[in-house]
Amino acid sequence: MIGTLVRIGWLNLKRDRAAQALTFLLPVLFFSIFASVFGGQGGDTTSSIRVAIVDEDRTDASRRIAGAFEKETALRLRKTADPDETDAAPLDRAAAEALVREGTVPVAVIIPAGTEQQIAGSGLVGVKLTLLADPSDPIAPQMVQGLLQKAIMTNAPELTITSGLQQFEKFIGMTEAQRQAIDGYVAQLKSGDAASTAGASGAMAGFTIDVVNVLGGSGQAEDLVAFYAAGIGVMFLLFSCSAAGGAMIDEVDSGTLERLIGSRAGMRGVLIGKWAFIAMMGFLQLTVMFLWGWLVFGLDLWSHIPGFVVMTAFSAAAGAALGLMLATASRTRAQLSGLSTILILTMSALGGSMFPRFLMSETMQKMGLVTFNAWALDGYLKVFWREAPLWALWPQVAVLSIVTIVLLTAARLFARRWEVV
Amino acid sequence: MMPLAVRGARKRFGAVQALDSATLELRPGELLGLLGPNGAGKTSLIRAIAGRLRLDEGTIEIGGQPVTPGVTRPELGIVPQELAVYPNLTARENLEVFGALYGVPRADLAARVTRALEHAALTDRAAEPVKRFSGGMKRRLNIVCALLHEPRIVLLDEPTVGVDPQSRDRIYEMLADLRQQGVSLLLTTHHLEEAEARCERIVIIDHGKVVASGSLRELVAQSLGSARVAVIRASRPFEPAPALPAGAELDADGRTIRATVDAAASSLPELTRIASVHGGGIDDISMHGARLQDVFITLTGRELRE
């Protein structure tokens with residue numbers, strides 16, 4: 001008897017391709033995606049951090065510091081307003097801050113005026129670099145601080161040595177012969193002949209770093225609430241839109257779709273009507289999510305209403321179009337369920353709904369841009385983290401609008417099979 | 001001018017000839033029964049009339065105007081076999097949404113919905129979600145949803161399937177009311193007795209072709225002529241099945257012989273002898289004029305189609 005029941009199960013599985021895919025293919029697919037996202041795979045295992053650098057001192061010493069940073073492979077420096085134009089004007093503090101604010105770079109380093117004098121007077125100890133940081137990326141500023149120390153040690157050891165010897169000479173004193181020997185060695189270090197064997201391992205570079213949050217958020221926990229409200233909200237928007245789109249398949253089975261198509265609405269009207277409803281439902285769903293974030297987690301919703309409305313409207317519109325496209329492409333509810341689960345979870349993983357994209361490798365970040373989630377989330381982050389003005393949302397709005405149009409067109413084409421044959 | 005005329009309709013799906021020069025006419029105010037075995041082409045024909053099937057050849061005219069594929073004509077009301085209503089909406093809400101979609105003027109909608117509810121005997125249950133309705137109530141609602149825009153031609157695909165005799169009677173009363181208003185009705189059904197009793201004319205379609213059409217009397221004349229049908233039930237099943245004369249067949253129960261007999265006197269003795277010798281005697285013997293069932297089997301055969 002048990003053998004017979006096992007046989008029934010086996011025969012059903014053998015003849016159900018969708019069930020086979022969900023059972024065997026989906027886990028492997030998700031394993032691969034998550035391994036790529038969290039394991040830093042995808043081509044660039046040597047992910048570097050983008051850093052803007054502003055040299056306000058413009059002296060030999062400050063150039064040495066900037067040069068040391070430039071040699072650090074883990075950092076990708078941007079020194080000019082136009083990254084493609086090496087002769088362009090060097091960045092100033094305001095331009096660097098704007099780059100951080102708009103999310104082009106997560107960190108900007110300011111070498112302040114008077115740095116050379118500080119080094120001449122009291123060595124690196126008196127130097128105070130400023131780090132303009134984007135709090136939406138909590139990792140980059142920490143890493144950059146450490147890398148700056150390392151860069152000075154490794155790439156400009158003479159600065160550290162000079163600084164230490166100045167202190168030594170000031171408090172203890174040196175003979176002329178000693179000073180000449182040291183000057184010769186420092187010259188060697190400057191020219192690079194001494195390689196990186198400066199013997200500075202374990203020592204501190206001496207300068208201090210002042211980290212400034214340029215976005216002025218009221219707190220990291222609150223910022224993360226905005227991220228998760230958007231991330232989870234967009235993922236569930238896609239799930240609910242796909243489920244609502246599935247009503248089309250139920251209507252095919254029940255015969256109501258036939259009745260609707262035969263009415264004055266026609267197939268085009270039916271699709272537009274359904275899209276409008278699903279988009280409204282999605283808008284409401286995201287609104288409930290953010291209202292809950294405000295009510296329970298203190299999310300600052302009310303001072304971001306215009307941006308929230310714009311992003312929610314365009315995200316819901318695109319989500320609804322995706323739901324309709326999936327429904328019209330599927331022959332059965334089971335097919336829709338399998339297809340939408342695979343697609344939505346993949347897009348959510350790649351697009352940053354589950355794990356922030358800025359923490360992924362650069363290749364994965366770029367791959368994420370093919371997903372709906374990435375654009376929607378980028379828009380929400382602009383609104384809630386970067387305090388971006390409405391016009392700054394145009395790339396996200398444009399992409400989501402194009403996605404909506406393309407998906408609706410695809411849905412219209414798929415739906416032709418329900419019309420005249 | 002006929003409300004509906006189909007001429008030489010042909011449609012092929014791959015290897016299957018769904019419609020093969022099918023021709024029929026629907027007259028003003030008549031109830032025309034469209035019969036045929038499963039897969040005979042009934043649904044294809046209905047879909048073509050509704051503008052949902054592009055013919056390879058042939059024409060369909062409604063009120064003298066050709067049907068354009070992709071366009072459902074407003075003169076047409078379509079009652080699908082499926083219960084094409086929203087189960088979570090009330091009867092009134094279903095009627096309101098379908099009325100609006102089918103172009104009923106806003107000013108008339110409430111009055112037409114009320115009339116439709118009365119027509120379907122659903123006034124008392126108008127505010128209830130349809131999912132709580134019985135099968136018969138849903139069927140009646142399914143019909144009136146297609147009538148709100150006051151079509152002149154109504155296509156009904158198996159409108160009485162799965163309902164009790166009371167609901168069936170009510171549905172035919174509704175159809176009779178429509179005919180009185182001059183509405184022409186084309187109905188498909190597998191209930192041959194219903195078609196025999198209710199339809200003015202009958203069209204039998206098989207393999208995409210119209211194989212016979214006319215009143216029952218005309219169909220009998222076309223297929224069986226003046227023959228009568230003899231039914232002889234033996235006392236026990238035949239074992240083994242006996243050799244039967246031409247025109248006689250053994251029913252599925254294995255002991256009833258059904259035969260069309262032109263000259264009863266010459267055929268009956270042989271049939272009764274077979275039943276007596278091989279069937280252990282005769283339990284019952286009857287003769288009747290040809291019925292629609294006999295015509296249908298004669299024209300379309302006994303073999304299963306699917």
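## Chain B at a glance

A residue is called buried here if 20 or more other C-beta atoms lie within 10 Å of its own. By that rule, 39% of the 306 residues of chain B count as buried. Please keep in mind as you look around that this is a predicted model.

Chain B contains 9 helices and 14 strands. Its C-alpha atoms fill a box of roughly 75 × 45 × 35 Å, taken along the principal axes. Among contacts in chain B with a separation of 6 or more, 70% come from residues 24 or more positions apart.

Leaving aside residues up to four places away in sequence, Val154(B) touches Gly77(B), Val79(B), Ala146(B), Leu147(B), Leu178(B), Val183(B) and Leu185(B).

## A five-stranded sheet in chain A

Chain A has an open sheet of 5 strands with mixed pairing, in the order β2-β1-β3-β4-β5. At its edges stand β2 (75-78) and β5 (208-213) of chain A; each has a single partner strand, so one side of each is left without a neighbour in the sheet. On average, neighbouring strands of this sheet are turned by 30° against each other, direction ignored.

Within the sheet, strand β1 (residues 49-55) and strand β3 (residues 107-111) of chain A pair in the parallel sense over 5 bridges. Here you can find Asp55(A) opposite Ile111(A) in β3(A).

## Helices lying across the sheet

Helix α3 (residues 60-71) of chain A lies across β1, β2 and β3 of chain A and runs at about 170° to β1(A). Helix α4 (residues 93-101) of chain A lies across β1, β3 and β4 (128-133) of chain A, and its direction is at about 165° to β3(A).

## Where the chains meet

Finally, look at the place where chains A and B touch. There, 13 residues of chain A are in contact with 18 residues of chain B. On the chain A side, helix α11 (residues 256-261) gives the most, with 4 residues. Sorted by class, the side of chain A that touches chain B has 4 nonpolar, 5 polar and 4 charged residues.

Methods:
Residues numbered from 1 in each chain as written. Chains lettered and ligands numbered in written order. Predicted model: local features only at pLDDT ≥ 70, side-chain atom pairs only at ≥ 80, totals over all residues. Helix = DSSP H or I, 4+ residues; strand = E, 2+ residues; numbered from the N terminus. Buried ≥ 20, exposed ≤ 12 C-beta atoms within 10 Å, placed from the backbone. Contact = placed C-beta atoms within 7 Å. Pairing = 2+ DSSP bridges. Axes fitted to C-alpha atoms, helices over the stretch in contact; angles between N-to-C directions. Nonpolar A, V, L, I, M, F, W, Y, C, P; charged D, E, K, R; others polar.
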